[in-house]
Amino acid sequence: MKNLTLIVHADIKEALADILRGLKVVSGFTFTHVEGHGAQDERDPMLSARDRVVGYVPHARVDIVLDGDAVDTVLEALRKSQCGVVGHGHYWITKVERQGRL
């Protein structure tokens with residue numbers, strides 16, 4: 001099992017959720033509000049006037065636990081999607097040692 005973690009701009013959260021819900025290999029996912037702090041590129045069209053004033057950008061963290069071979073399927077679907085993640089999203093993959101329900 002693998003955990004695919006994505007950091008995306010908060011504005012695309014709903015469109016991203018629609019894409020993920022449509023993938024058979026994704027049984028569920030979790031959104032968490034996060035803030036992106038750091039040097040901001042003024043040419044970034046995702047930056048609002050609010051982002052420039054407050055000094056951070058609202059993002060969503062998405063965690064998706066997947067079978068190892070499903071990770072590439074999800075990444076490819078996101079690359080092909082028109083949800084706004086391409087060029088603006090970051091991801092990493094970690095091994096899940098164990099998972100279950102309590």
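Predicted model: local features only at pLDDT ≥ 70, side-chain atom pairs only at ≥ 80, totals over all residues.
Residues are numbered from 1 along each chain as its sequence is written, and side-chain values use heavy atoms, with hydrogens and water left out.

S1 pairs with two strands (pairing takes at least two DSSP bridges). With S3 (residues 56-66) it runs antiparallel through eight bridges, and there Val8 has Ala60 as its bridge partner. With S4 (residues 90-95) it is again antiparallel, this time with six bridges, and Leu4 stands opposite Ile93.

## Overall layout

The protein has three helices and four strands, following the pattern β-α-β-α-β-α-β along the sequence. Those elements are DSSP runs numbered from the N terminus: helices are H or I with at least four residues, strands are E with at least two. Of the 102 residues, 35% count as buried.

## An aromatic pair with a lysine

There's one aromatic pair in the structure. The rings of Phe29 and Phe31 have centres 5.5 Å apart and planes at 80 degrees, so they meet edge-to-face. (Rings of Phe, Tyr and Trp, the last by its six-membered ring, pair if their centres lie within 6.5 Å; planes under 30 degrees apart are stacked, over 60 edge-to-face, the rest tilted.)

Phe29 is partly exposed at 24% relative accessibility, and Phe31 is partly exposed too, at 25%. Phe31 also has the charged end of Lys13 over its ring, 5.4 Å from the centre. That label needs NZ of Lys or CZ of Arg within 6 Å of the ring centre and within 35 degrees of the ring normal.

## The second largest pocket

Ser27, Val65, Gln99, Gly100 and Arg101 line the second largest pocket. On a 1 Å grid over the protein atoms alone, a pocket is an open set of points where a 1.4 Å probe fits, with protein on both sides within 12 Å along at least five of seven lines; lining residues have an atom within 4 Å of a point.

The pocket holds about 210 Å³ of space, counted as the space filled by probe spheres set on the points, which are joined across faces, edges and corners. Its lining has one nonpolar, three polar and one charged residues, with Gly counted as polar.

Definitions and conventions. Buried < 20%, exposed > 50% of the residue type's maximum accessible area, 1.4 Å probe, protein only.
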